[in-house]
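User: I would like a close look at a single part of this model. Please keep the answer connected and plain.

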Amino acid sequence: MLGFRVERLWADMTGLLALLFHQGVLDEQFLELQQLQDESSPNFVLEVFNIYFHEAEKLLRSLRSLLVDGEFSDYKKMRIHLNLLIGSSSTIGAKRIRNVCIVFRTASDQNNKIGCLRALELLEYEYCYLKNKLHELFQIEQQRILAAAIRE
Amino acid sequence: MARKICALVVDDDPMVRKIHGMLLIKHGLETEGVENGKEAVELFLSGKSYDLVLMDMEMPVMDGPKATKELRAMGVRSMIVGVTGRGVEAEKEAFMGAGLDSCWDKPLNPKAVVSMLDQLAKK
């Protein structure tokens, strides 16, 4: 019974990952990260993503503030934040987020406020989607590890 | 027993320090990390030495090119490898001109690390 549960959880995990790859949410850089995880650092990917989420949320709040607060938007500062987000998203394999940031950066280069606002909304959506799906993935992984440990 | 190769990861991004640090550890290196070029220079001034320095290009306080120039001016002969998230060729050339042994795009992968270690072995 426990063995079945472990297999089922493994199938759920690989299915969710396959979906995220198929949707273009993640790219092969995510797999490179997974390959760095082993028994001596079993939570490596989770730790990396926790840092990413923490930094990304600060940047997203700042981007919203730069666009919405005040009469004039600081496009130069926006560009700096977007470059940081593009870099960190590329590093963890967050492909769709990276691509939206690139579109956002183009709009900010053109001082296009409406374009920037649209890009920001899409970016916030993509970020929430990625965060929710990865939390789901990490939860399944933790359950699988627990079930495998109990089985032994 | 052969001593481990020591590396210093210089990057203001904590995520990059973690990933690049782990990549180096997987290849058998001992690693330390600092947040900017000034901290890297201070480590060398304190007497510490490293075989390999991974130097980010853009950092607050002291950026990669400035830190590299200072380290070379101090006589540091460690292998200094530039790492940049921006693909602007002119900036990479200027970074190389500061005294790097090589420059790679972020994020590094195992192939890049093997190439660096090969270069280090030849030094």
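Analyst: Glu141(A) belongs to helix 6 of chain A. The model is predicted, and the predictor assigns the complex an ipTM of 0.82 and a pTM of 0.87.

Glu141(A) is buried but forms no salt bridge. Arg144(A) is the nearest side chain of opposite charge, at 4.7 Å, and a salt bridge would need a side-chain nitrogen of Lys or Arg within 4 Å of a carboxyl oxygen. Apart from neighbours within four places in sequence, Glu141(A) is in contact with Met13(A) and Gln37(A).

Helix 6 of chain A spans residues 113-151 and also holds Tyr127(A). The ring of Tyr127(A) pairs with that of Phe53(A) in an edge-to-face arrangement, with 5.9 Å between centres and 80° between planes. Because Phe53(A) lies in helix 3 (residues 44-68) of chain A, this pair ties together parts that are 74 residues apart in sequence. Phe53(A) and Tyr127(A) are both buried.

The pair is one of 8 aromatic pairs counted over all chains. Phe53(A) and Tyr127(A) also belong to one aromatic cluster, together with Phe30(A), Phe49(A), Tyr52(A) and Phe138(A). Phe53(A) has a charged neighbour as well: the charged end of Lys131(A) sits over the Phe53(A) ring, 5.6 Å from the ring centre.

As for the other chain, the average pLDDT of chain B is 93, and 98% of the residues score at least 70.

Definitions and conventions
Residues numbered from 1 in each chain as written. Chains lettered and ligands numbered in written order. Heavy atoms only, no water. Phe/Tyr/Trp six-rings, centres within 6.5 Å; stacked < 30°, edge-to-face > 60°. Helix = DSSP H or I, 4+ residues; strand = E, 2+ residues; numbered from the N terminus. Buried < 20%, exposed > 50% of the residue type's maximum accessible area, 1.4 Å probe, protein only. Lys NZ or Arg CZ within 6 Å of the ring centre and 35° of its normal. Lys, Arg positive; Asp, Glu negative; His and termini not counted. Contact = heavy atoms within 4.5 Å. pLDDT = per-residue confidence, 0-100.
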